Amino acid sequence: MPDRPKVSVVVPFFNEEESIRPMHAAIVAALTPLNIPFEMVFVDDGSKDATVPIGRELAREDSRVRLVKFRRNYGQTAAMAGGIEQARGEVIVTMDGDLQNDPADIKLFLDKLDEGFDIVVGWRHNRQDKLISRKIPSMIANRLIGKVTGVPIKDNGCSLKAYRASLIKQIPLYSEMHRFIPAMASIAGPRIAEIKVRHHARQFGKSKYGLSRVYKVLLDLMVIKTVTTFTARPLLWFTLLSFPLLFVGTLILAYTMYLVLFTHTPLSLPIAGSGLIFLFSALILFSSGAFGELVYRVGDMREHEFAKLTQKVQFSPGIHR
Amino acid sequence: MIQESKSLQISVVIPVCERYSEATGLYAEYAEGLNALGRSYELIFVLDGPRPKFVTGLEQLIREGREFTIIKLSRSFGESTALMAGFERAAGEIIMTLPAYHQVDGRDIGKLVEALDSVDLATGRRWPRVGGRFEFLRRSAFHGLTAWVTGQQYSDLGCRARALRRRVLGELSLYGDQHYFLAVLADRQGFRVKEVDLRQSPKDRFDGRYRSREYAHRVLDIFTIFFLVRFTKKPLRFFGMIGVSTFGVGALLLTYLVIDRLVFRNPLADRPALLLSSLLVVLGLQVFALGLLGELIIFTHARGIKDYQVDEVISYPDLDAEPLAQLHEVVNEAR
C-alpha cells in the first residue's frame, strides 16, 4: 500500500455518468502540482446509469480512486457520511459530483486548514443558478440558519468544504444534515473559515432539488438547535419551551381569580379550564425535559469528547512533562 | 443426509408456533422437496413453547434415524423470536424459513432456493390460491394498505416459505410481529426481493375465524412498519407534521374566538370552543416536543446508527475488488 494519503477528496455521485470522468481529471489536474499524496473517494449513491462501470474503470486505471458503492439510493447526507467513513486522509475535502464546484479551488482550502482552521467552507459568491427558485430561498435560509445556530455561514448549501478528518469523522451525520455540517460540527467548537469559490452552471444532467424543502429545512433547523445547543441540558431547553405556556396559563388563571374575587362574577369554566390546560401542559413539557436528561445519560454523545476534538493544550515554558 | 457443516449449503428454520401440523408428514414432504435440490441441508425446528403433539412426532422421526436440530424455547415468544433463535443456529449459506404446517406444496420449495441466483431474498406466494371471496378481500385490503404505506407491492406476506442469503440475516432484527414483513424490511435495507409462485398445499385451510383483535393487530403492525420504514431517523418529520397541524387548527380557532370577543363583543366566558382550541394548541406542542425528544434519542445514539448500506468498495490494487459483503461475512464469523 502506498503512503497514507494526506488529502481525501470525497465526491458523491448519483446518476452522473457524464460527470464522473471529467471530475476525476479535474481533481487530478488540481492536486498533482501540490505534490502531496491524495486519494479520491467516489461514492455511488445507488445510480441506475453507467456511473458504477465508469467508476470501476477509473479505479482500475488510477489506484488513488476508490469507489464506494451503496446498495441503493440513500441520499446526499448518507453519501457524504459513507465517503467520510471510508476516507483515509488527514484532511477530507467534500464536493458535489455535478461539476458545479471547481477542484482547482481545493488548494485554497488546504492553505486555510494549514493556517489552523478546523473547517473551511466554500461560498459560491457568483452562484450560477436560477434566481427565484434557488438563490433567493437559499439566501433567506442561510440567514435563518446563521441566526438560529449561531454559525453565520453565507452559503450552507455549498458542498465544497474541507475538514480535519479527526474532527469530521466524529460528527454524527444522518437524515438530511449535509446542509448543516458546520452547524452540527459546532458542538465541537471548531474554528471555521469561509472562502469564496468558483461556481459553474450545470453542464450535464439535471438538478435534484426543488423548492419543496422549506418545511423540512425549518424542522431540521429546530433539530439542529436542539441537539447542538441543548443535548447536554434537555431539561433547560424544554423548560425554556414551556415558559410561554406557563406565562399564558398563569395570566389566564390570575385574571379568573381577579374576576371571581373582586368583581363577583361567577367562575367561567371555559376560561379557567384553558388556563389550567396551559399550566398543566407546561408541567408535561418540563417532565419531557427530565425525560430528555435520561436519554442523554444512556446515550453515547458526551460534550467533553467533542471538546477534546478541537482543544489545544499549551504548556508554560518552565513546566516539566 | 446431513453432511459436515463445512459444506453445509442450506439451513431450514421451522418455527413451531400456535398452528402446526403433524410432524412426520410435514417432515416427509419437506425432505422430498429439499432432497430434490441435491444440496446439503440441515433442519432446525424451533419450538415456541411446549408443543407436545409436535414433539411426539419429532421423537418418532428421531427413532427412525432422521437428523435435525430442535431448539426449545421455555415459553411462547412469538414467531419472530422463534425465527431469530433459529437464525442464530443456522450455519448454511442459504437460510430457508418454512411453516410448521402444510401451507405450500413441499415439492415446490426448491424454487425458492433457485430464485436466489438472481435475488437476495425469495418469498413464496401461494398460487393458484383457494379461498372464499371474503378472504380474498381481506387479503387485498392488507396488502393494499401495506403497499400504500411502504411503497412495496406484495401479494402474499402471510406465506411463511422464504429463502434468503446469509448476508440478509446480518441486518435483520425481527421482533413482535415483524416476521410478516421480513420481505419489506429486507427490501428497505437495499436487498433484492422477489416473490416466487408456489403451489398451495391442499391441506392449507384456515378453519378458525379471525377475531377483531387480530385485525387491530395487523393494522397496528402496518403502522409500526410505516414508522420504522419512513421516520425512524427523522422523528420530528413525523411528530412535527402532526404537532404543527394540530397546533395550527387550535391557533386558528383561538384567533377567531379572540377576534370575536374583541371586535364583536361576544363574551368568551361561556364558550366551550375556548377549551377545545386551548387543548388543540397544547396538544400540538406536546406532540412536537415528543418529536424533539425522539431526535434527541437519535442524536445521542447516532454513532451506532448507520443511515446507509455499502454494497462494495471498489479499489485497485489493495483490496482487489473483493465485494464488501464477503468481507462483512468474515467479520461476522470472527465475532
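# A chat about a two-chain model

Visitor: Let's start with one residue: is Val281(B) buried or exposed?
Guide: This is a predicted model, so we go by its computed atoms. Around Val281(B) there are 25 other C-beta atoms within 10 Å. The cut-off for being buried is 20 or more such atoms. So Val281(B) counts as buried.

Visitor: Which element holds Val281(B), and which residues does Val281(B) touch, leaving aside its neighbours within four places in sequence?
Guide: Val281(B) sits in helix H10 of chain B. With the neighbours within four places set aside, the contacts of Val281(B) are Phe247(B), Gly250(B), Ala251(B) and Leu254(B).

Visitor: How do H10(A) and H10(B) lie relative to each other, roughly parallel or roughly antiparallel?
Guide: Two packed helices are described by the angle between their axes and the distance between the axes. Here the axes of H10(A) and H10(B) come within 9 Å and cross at roughly 5°. Angles under 35 degrees count as roughly parallel. That makes H10(A) and H10(B) roughly parallel.

Visitor: How many charged residues are in the contact of H10(A) with H10(B)?
Guide: Let's go through the groups. The contact has 19 nonpolar residues and eight polar ones. As for charged residues, there are no charged ones.

Visitor: Stepping back to the whole contact between the chains, which element of chain A gives the most residues to the side that touches chain B?
Guide: The contact takes 49 residues from chain A and 42 from chain B. Among the elements of chain A giving two or more residues are helix H8 (214–230), helix H9 (234–263) and helix H10 (269–298). The biggest giver, with 14 residues, is H10(A).

Visitor: And what is the split by residue kind on the side of chain A that touches chain B?
Guide: Seven of the residues there are charged and 15 are polar. The nonpolar ones number 27.

Visitor: Which strands are at the edges of the open sheet in chain B?
Guide: That sheet has seven strands with mixed pairing, in the order E3-E2-E1-E4-E6-E5-E7. From one strand to the next, the twist averages 20°. An edge strand pairs on one side only, and that picks out strand E3 (69–73) and strand E7 (193–198) of chain B.

Visitor: Within that sheet, which residue of E2(B) stands opposite Val16(B)?
Guide: Strand E1 (residues 10–16) of chain B runs parallel to strand E2 (residues 41–48) of chain B, with seven bridges between them. Ile10(B) faces Tyr41(B) in E2(B). Opposite Val16(B) stands Leu47(B).

Visitor: How many of the residues of E2(B) are buried?
Guide: In a regular strand the side chains alternate between the two faces of the sheet. On one side of E2(B), Tyr41(B), Leu43(B), Phe45(B) and Leu47(B) are buried, and on the other Glu42(B), Ile44(B), Val46(B) and Asp48(B) are too. So E2(B) is largely enclosed by the rest of the structure, and its buried count is eight of eight.

Visitor: Moving over to chain A, what is the bridge partner of Val10(A) in E2(A)?
Guide: Strand E1 (residues 7–13) of chain A is mostly covered, with seven of its seven residues buried. E1(A) runs parallel to strand E2 (residues 38–44) of chain A, and seven bridges join them. In E2(A), the partner of Val10(A) is Val41(A).

Visitor: How do H1(B) and H2(B) cross, roughly parallel or oblique?
Guide: The axes of helix H1 (residues 23–37) and helix H2 (residues 52–63) of chain B come within 8 Å and cross at roughly 55°. Their contact includes Tyr27(B) of H1(B) and Phe54(B) of H2(B).

Visitor: Last one: what is the radius of gyration of chain A?
Guide: Chain A has 11 helices and seven strands. For its 321 residues the globule rule gives 20 Å, and chain A is well over that, so it is more spread out than a compact globule. The C-alpha atoms fill a box of roughly 90 × 60 × 35 Å along the principal axes. The radius of gyration of chain A is 25 Å.

How values were computed: Residues are numbered from 1 along each chain as its sequence is written. Chains are lettered from A and ligands numbered from 1 in the order in which they are written. This is a predicted model: local features need pLDDT of at least 70, side-chain atom pairs count only at pLDDT 80 or more; totals for chains, interfaces and linings use all residues. Helices (H or I, at least four residues) and strands (E, at least two) are DSSP runs, numbered from the N terminus. The radius of gyration is taken over C-alpha atoms; the globule rule is 2.2 Å times the number of residues to the power 0.38. Two residues are in contact if their C-beta atoms, placed from the backbone, lie within 7 Å. Ala, Val, Leu, Ile, Met, Phe, Trp, Tyr, Cys and Pro count as nonpolar, Asp, Glu, Lys and Arg as charged, and the others, Gly among them, as polar. Two strands pair if DSSP finds at least two bridges between them. Axes are lines fitted to C-alpha atoms, for helices over the stretch in contact, and angles run from 0 to 180 degrees between N-to-C directions. Angles under 35 degrees count as roughly parallel, over 145 as roughly antiparallel, 65 to 115 as roughly perpendicular and the rest as oblique. A residue is buried if 20 or more other C-beta atoms lie within 10 Å of its own, exposed if 12 or fewer, and partly exposed in between; C-beta atoms are placed from the backbone.
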